[in-house]
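Please go through the report below alongside the sequence and the coordinates. It moves from conventions to single residues, then to helices, the core and the pairing of the chains.

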Number of protein chains: 2
Amino acid sequence: MPVVTFLPAGVSVEADPGTSLLDAARQANVPIRNDCGGQGICTRCQVEVKRGEVAGRGSGGGLAEGRFLACRTLVAESDLEVYLPEETREVETEVTLRRTDPFPADYPPPGAMVETVELDLPAPNLDDNVSDSERLVRRLRKWRDAEYHIPLGVLKDLPVRLRDAQWRADVTVSVEPWGSRILRVGRPARKKPYMVAVDIGTTAIKAQLLAPEAGWVASCYNSQVMFGPDVISRIIHCQRDEEHGCPALKQLVVQDIERLIAALLDAQGVEREDVWALVVSGNTTMIHLFLGLYPVWIRREPYVGCAYLLAPVRPEDVGVNINPAGRVFCLPAVSSYVGADITAGVLATGLGDRKRPSALIDLGTNGEIAIGCEEFLVCCSASAGPAFEGGGSASGTRARPGAVESVWSEGTLRWRTVGDEPPVGICGTGYIDLLATLVRERIMDKTGRFVAGAPGVVQRDDEFLYVLAPAEQAAGGRDIILTQADVENLVRAKGAIYAAGSVLLESLGMDWGDLETIMLAGGFGDRLNKDNAVTIGLLPDVPRERIAFVGNTSLQGAVMVAQDAANYWKARDIAGKMTYFELSTHPDFMDRFVSACFLPHTDTEKFPSVSAAQE
Amino acid sequence: MPVVTFLPAGVSVEADPGTSLLDAARQANVPIRNDCGGQGICTRCQVEVKRGEVAGRGSGGGLAEGRFLACRTLVAESDLEVYLPEETREVETEVTLRRTDPFPADYPPPGAMVETVELDLPAPNLDDNVSDSERLVRRLRKWRDAEYHIPLGVLKDLPVRLRDAQWRADVTVSVEPWGSRILRVGRPARKKPYMVAVDIGTTAIKAQLLAPEAGWVASCYNSQVMFGPDVISRIIHCQRDEEHGCPALKQLVVQDIERLIAALLDAQGVEREDVWALVVSGNTTMIHLFLGLYPVWIRREPYVGCAYLLAPVRPEDVGVNINPAGRVFCLPAVSSYVGADITAGVLATGLGDRKRPSALIDLGTNGEIAIGCEEFLVCCSASAGPAFEGGGSASGTRARPGAVESVWSEGTLRWRTVGDEPPVGICGTGYIDLLATLVRERIMDKTGRFVAGAPGVVQRDDEFLYVLAPAEQAAGGRDIILTQADVENLVRAKGAIYAAGSVLLESLGMDWGDLETIMLAGGFGDRLNKDNAVTIGLLPDVPRERIAFVGNTSLQGAVMVAQDAANYWKARDIAGKMTYFELSTHPDFMDRFVSACFLPHTDTEKFPSVSAAQE
């Protein structure tokens, strides 16, 4: 079998002929930058072949002499030496820290998932000589009536701890499905137990530290992107490599979370051992991969996951490095394609507590839609893909410093980046603005095709594309562009979401106009331009005040659960009562989807304000 | 610090001056034979000092030239080389296998602590696409309504297992305090889950394999004996060596149990992975040490243990090598000195189900007494010491082949050994017979003193002792003897038990005569001679038919729990409702004890049949 050696690291791996260099690098655990998951789109996996013969079509097409795309270049019969240029080694593992409102000084509040209570215990005597564990549990029951479990690790030196604390001990307890668990007993400690809330997105991972006066959200790309931009390609990887696939993906996400935690702790000056809980949200596949649950049947009809309602586990069981006696709580999912992120979103927005029906649309890598009020909750998934997170597009990026986040026309197109940094790429809100502006300026037609000869439209490799910012203005020395393939991706994504919502509403005998509020969740915040979202048909043409941005409700929900155990039960209740509609086999969905793959829609009557503006 | 090197092993350890060679060897983890726990009694820890100067009084006294007792010989200022003769290295780790009635071919029965059920699950479809875990739990609830927990290890490949089994899977579940735990899901297996019941005695450990057609009990000495013959000396060791003491003792008992399991599996041809549960009984200190719970406050007023009611743990948590997904169940204790062995005994004998009060006397290393009926259950502990288990006596041994198990007079004293092997020592029933016969033959007086000049009584080192079998008849080449110290030990032990029972009965306003049955538990079986036990005042002088031998009820109770989970709950109920009497501070106990330290008693009216026989 040919041996592939990656330079300058000098790591070798045997690879079957026909293996892509990217896959060989993955097998060798050599990270190669790639933002599109090996689809030949992002051109970021460029390598130089120093020795040996390769196959495939990974060279040419605008690449410098001697450069190959690792994802499109295949191992042939000979041994290879493959050099990774510096920029190819720059896998984007960078963590971004964003300030948020700090928590109060006495945070977390009583009733949190993990809390510490200071207890005075009566010292034992001959008339009251129950065991130390029973003494402790009796006292705890006076504080809060529940079942209590003392794990063996805590039990072992309980006698020493209680006496060392002279019967006035701090007891740290977590809320568990069957009762409460005692995590620590000891002398009164300076610090309350801190927690970290995590949202594992398919494209980006975010984490927030719940500690006194902490006010940070850390985010990074999900490194699993090297195995594909969406959940499907990652599930396929688990299936293709039955032995190592699932563990490899698990390790990547755990490493990412570790990095986020490290950044948060560093920013706040908190020790790992003071973090006693992770509360984790995310879509069903992401939670499966985080826990190491085999996800393969999620993508096969009838789309069945391993588990949606999950018991808490120990940090060592998942491999995260917080206090070893701490707990990892995963929020419950509804189905294989409506995950804990939506449960968390419904919790965070109070969708299920409202008098009148509203919708929650989560524009993550999968688009999910929940509609409901206090009387019902229904949901569906739209398989939107990562387009609105910057995934799979030529210049796509997440909303990090330098990402083009808004675009408008002042005769010519203008744009602004996050932090006013030189542009590194285009993020979701930038794409929405860009599409809408291009349509409005008639640089693009309603089917999404570029108009030849329009300003900014150039032809490369027999394909039209739009150059938003030329290489000399850009941070990476590459043009910031929108390709025809990018547009198709974006249109399919927005079409899927609109169609899914329409079908779900129809099945309820309702229309978009019947919704009190349409809440848009995602990383956009208030940077998303409502008119532009309607203009491209991502959102329905309803009065704009009915459209609300609700931010990352997955993370918000995880924070809410962490800080109030009542929300843990509420989330389980939400997941249990939400009805899932399977759209992939719904007879009307494909029709609705095809109709929605226009800008804004084939049925212009559905978008009167857009039609009016364009006349 | 002087360095002690043990030969022939060549293991060295630094030891403070004043440390005994036995303690130095323990620190070096070099096993040295000693049956008395380092009290200078058994003379089995003989070593030769090859180099260096020692202190202490460990030579002379019948030892061969150049021989020292390791327990009485102290490290001085110089480095030492200490040679261990072969017989000193022969730590008795031998496992004895005894045949019992085999279990039926379809054993274990339904309702056992761990059982496997074959389930047909409906395959998922689009109208029924709950998660795999929910599908499994739904089906299990139809089989037996309970809460079910699927640990992460089982959950991870649940999807693969269910499909591999084509939805007709064997599911192995254990009963847990909060519900049921799923230990395995997979293709229907040949084998039922087997279990091992264990009784951890202070002196001996016994284990029984619960498998189809298995009929073996394995037993061995508790290797912790090298740290002392009774629970107190072992607790002291934990306290003296806070860092390593408790873990060292834990490791010893776990190794012993491992050896017993190995012998049982070997005898029956069963694989370790087919053993899914240990059900463990034993006194409170033994269970503490088995689990690694810090036991130090058990021996200090007010005598408080770490925990009496214990949750099941994973095999890896205690370090036993059965199926890693299996469970270890410890039976509940009542107090620090009335352990799970007594709970198991009450369960096994049905003491708490009887219409009229009876007593259960457990003649283990600690004597414990429970008295009760369906209306009440009380108990106490008598701190008898290991005398009736052969511990701490010059020729004491457990009931193994060659142990003198009965003694009688035919003009001269006659004896019989277990298996009619050449004598290796004297076990509990042998001591009872021997004392009674010596008193009856007036070779010993009622205070336990040997009568000078009586046949068999010889004087050595200014002390009288009785030679039961001379060295030339004995297997070990040493006289089988009874020393004055042995007699004092035995008399104190029997006196403590009788006094404890008397005080407990008085506190109930009862007398020995009010008991329907006096059940004697322990390893004796029916080899114990009732008349002799009454003659020495170990048992009260009641009609002999009221005295029953019930065998090792601790092990029996563990077996009963393993084979019927209902008994698990019953044991918890027994432990919860049994009232413990603390005798160590009881005002009458010491009086009663002193009166009982005669053969049979100072108050001969309490033993009319004995007085009559001796007149």
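## Conventions

Two residues are said to be in contact if their C-beta atoms, placed from the backbone, lie within 7 Å. This is a predicted model, in which local features need pLDDT of at least 70 and side-chain atom pairs count only at pLDDT 80 or more, while totals for chains, interfaces and linings use all residues. Residues are numbered from 1 along each chain as its sequence is written, and chains are lettered from A and ligands numbered from 1 in the order in which they are written.

A:L520 has its place in strand β27 (residues 518-521) of chain A, where strands (E, at least two residues) and helices (H or I, at least four) are DSSP runs numbered from the N terminus. Once neighbours within four places in sequence are left aside, A:L520 is in contact with A:I361, A:L363, A:L528, A:I547, A:A548, A:F549 and A:V550. A:L520 is buried, with 22 other C-beta atoms within 10 Å; a residue counts as buried if 20 or more other C-beta atoms lie within 10 Å of its own, as exposed if 12 or fewer do, and as partly exposed in between, with C-beta atoms placed from the backbone. The C-alpha atoms of A:L520 and A:L539 are separated by 9.1 Å, and these residues are 19 residues apart along the chain.

In chain B, B:E81 belongs to strand β7 (residues 80-83) and counts as partly exposed, with 16 C-beta neighbours inside 10 Å. Leaving aside its neighbours within four places in sequence, B:E81 is in contact with B:T5, B:L7, B:K50, B:R51 and B:G52.

## Domains of chain A

Chain A is assigned domain 1 (3-89), domain 2 (114-186), domain 3 (194-330), domain 4 (350-386 + 491-614) and domain 5 (398-478), with bounds that come from an automatic or database domain assignment. Taken over C-alpha atoms, the centres of domain 2 and domain 4 of chain A are 47 Å apart.

## Helices and core

Helix α6 (residues 231-240) of chain B has B:V231, B:R234, B:I235, B:H237 and B:C238 as buried residues. Seen down the axis of α6(B), these fall within an arc of 150 degrees, so they line one face of the helix; the arc is that of the directions from the helix axis to the C-beta atoms. The buried residues of α6(B) pack against α7 (245-268) and α8 (284-291) of chain B. In α8(B), 8 of its 8 residues are buried, among them B:M286, B:I287, B:L289 and B:F290. Just after α8(B), B:G292 takes a positive phi of about 80 degrees.

The largest nonpolar core has 366 residues, of which A:M195, A:V280, B:M195 and B:V280 touch the most other members; such a core is a set of buried Ala, Val, Leu, Ile, Met, Phe, Trp, Tyr and Cys residues joined through C-beta atoms within 7 Å. Beyond its neighbours within four places in sequence, A:V280 has contacts that include A:V198, A:I200, A:F290 and A:A558.

## Backbone geometry

Most residues other than glycine have a negative phi, and most peptide bonds are trans. A cis peptide bond joins A:L7 and A:P8, with omega of about 5 degrees, and A:P8 sits in the loop between β1 (3-7) and β2 (11-14) of chain A. The peptide bond from A:L599 to A:P600 is also cis, with omega near 5 degrees, and A:P600 is found in the loop between α16 (589-596) and α17 (608-614) of chain A.

A:Q166, which is not a glycine, has a positive phi of about 55 degrees; A:Q166 is exposed, with 11 other C-beta atoms within 10 Å. A:Y303 also has a positive phi, near 60 degrees, but with 20 C-beta neighbours inside 10 Å A:Y303 counts as buried.

## Pairing of the chains

The contact between the chains takes 36 residues from chain A and 35 residues from chain B. On the side of chain A that touches chain B, the elements giving two or more residues are α3 (132-143), α4 (152-156) and α5 (158-164) of chain A.

Chain A can be laid on chain B with an RMSD of 0.1 Å by a turn of 180 degrees and a shift of 0.0 Å along the axis, which is the relation of a two-fold axis; the copies are superposed by least squares on the C-alpha atoms of residues with pLDDT of at least 70 in both. Among the residues of chain A, A:W178 comes closest to the rotation axis, at 3.6 Å (C-alpha). Of the interface residues of chain A, 97% are also interface residues in chain B, so the copies meet through the same surface.
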